[in-house]
Amino acid sequence: MTTFKKIRLALIVALVIVAAIVILQNREQVTTKILFASIEMPQAFLLFLTFLVGALAGFVVAFMRLGSRLNSVQKRIEK
């Protein structure tokens, strides 16, 4: 096993351990109000949903920026 693979495996194991700790420490139910609805869910799930929404927003912004950069490169090529 190469050094890179060992480091990668160690990082994956560390992330899994940290995720397990966060889940175990945030199992209590919380009430979240979304518009006019109130939803009860474990706090760990709410944290995960918040992370997921933020990651998706980041991907959308990155793809929008990539699209605008590709358009400007295409315009330069056409000149």
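Me: Which residue is the bridge partner of Lys33 in β2?
Reply: Ser38 is the bridge partner of Lys33 there. Keep in mind that this is a predicted model.

Me: In which sense do β1 and β2 pair, and over how many bridges?
Reply: They pair in the antiparallel sense, over 6 bridges. Strand β1 covers residues 29-34, and strand β2 covers residues 37-42.

Me: How many residues sit between β1 and β2 in the hairpin?
Reply: There are 2 residues between the strands of that hairpin. Leu35 is in the turn, and its place is in the loop between β1 and β2.

Me: Is Leu35 buried or exposed?
Reply: Leu35 counts as exposed because its relative accessible area is 80%, and the cut-off for exposed is over 50%.

Me: Zooming out, how many helices and strands does the protein chain have?
Reply: The chain has 2 helices and 2 strands. Along the sequence the pattern reads α-β-β-α. Helix α1 takes in residues 3-25, and helix α2 takes in residues 43-78.

Me: What radius of gyration does the protein chain have, and what would a compact globule of 79 residues have?
Reply: The chain comes out at 20 Å, while a compact globule of 79 residues would be near 12 Å.

Me: And what does the C-alpha trace span along its principal axes?
Reply: About 60 × 55 × 10 Å.

Me: What share of the 79 residues is buried?
Reply: Buried residues make up 5% of the chain.

Me: How about the accessible surface, and what part of it belongs to carbon and sulfur atoms?
Reply: The protein chain has about 7,300 Å² of accessible surface, and 72% of that belongs to carbon and sulfur atoms.

Me: Which residues form the nonpolar patch on the surface?
Reply: The patch is formed by Phe45, Phe48, Phe51, Leu52, Leu56, Phe59, Phe63, Leu66 and Leu70. Together they have about 970 Å² of accessible area.

Me: Let's take Phe59 from that list. Where is Phe59 found, and why does Phe59 count as exposed?
Reply: Phe59 is found in helix α2. Phe59 is exposed because its relative accessible area is 52%, with over 50% as the cut-off.

Me: What about Gly58, where does Gly58 lie and how accessible is Gly58?
Reply: Gly58 lies in helix α2 too. Its relative accessibility is 38%, so Gly58 counts as partly exposed.

Me: How far apart are Gly58 and Lys5?
Reply: They are 53 residues apart in sequence and 28 Å apart in space, C-alpha to C-alpha.

Me: Switching to α1, how accessible is Ala14?
Reply: Ala14 lies in helix α1. With a relative accessible area of 37%, Ala14 is partly exposed.

Me: And how far apart are Ala14 and Phe48?
Reply: In sequence they are 34 residues apart, and in space 18 Å, C-alpha to C-alpha. Phe48 is one of the patch residues.

Me: Is Glu78 buried or exposed?
Reply: Glu78 is exposed, because its relative accessible area is 62%. Glu78 is found in helix α2.

Me: How far apart are Glu78 and Val61?
Reply: Those two are 17 residues apart in sequence and 26 Å apart in space, again C-alpha to C-alpha.

Me: Last topic, confidence. What's the mean pLDDT of the protein chain?
Reply: The mean is 88, and 99% of the residues reach 70 or more.

Technical notes:
Residues are numbered from 1 along each chain as its sequence is written. This is a predicted model: local features need pLDDT of at least 70, side-chain atom pairs count only at pLDDT 80 or more; totals for chains, interfaces and linings use all residues. Side-chain values use heavy atoms; hydrogens and water are left out. Helices (H or I, at least four residues) and strands (E, at least two) are DSSP runs, numbered from the N terminus. The radius of gyration is taken over C-alpha atoms; the globule rule is 2.2 Å times the number of residues to the power 0.38. Buried means under 20% relative accessible area, exposed over 50%, partly exposed in between (1.4 Å probe, protein chains only). Accessible areas come from the Shrake-Rupley method with a 1.4 Å probe; for residues, only the protein chains shown count as cover. Patches are made of residues with over 30% relative accessible area and no salt bridge: like charges are joined within 9 Å, nonpolar side chains (Val, Leu, Ile, Met, Phe, Trp, Tyr) within 5 Å. A salt bridge is a side-chain nitrogen of Lys or Arg within 4 Å of a carboxyl oxygen of Asp or Glu. pLDDT is the predictor's confidence in each residue, from 0 to 100. Two strands pair if DSSP finds at least two bridges between them.
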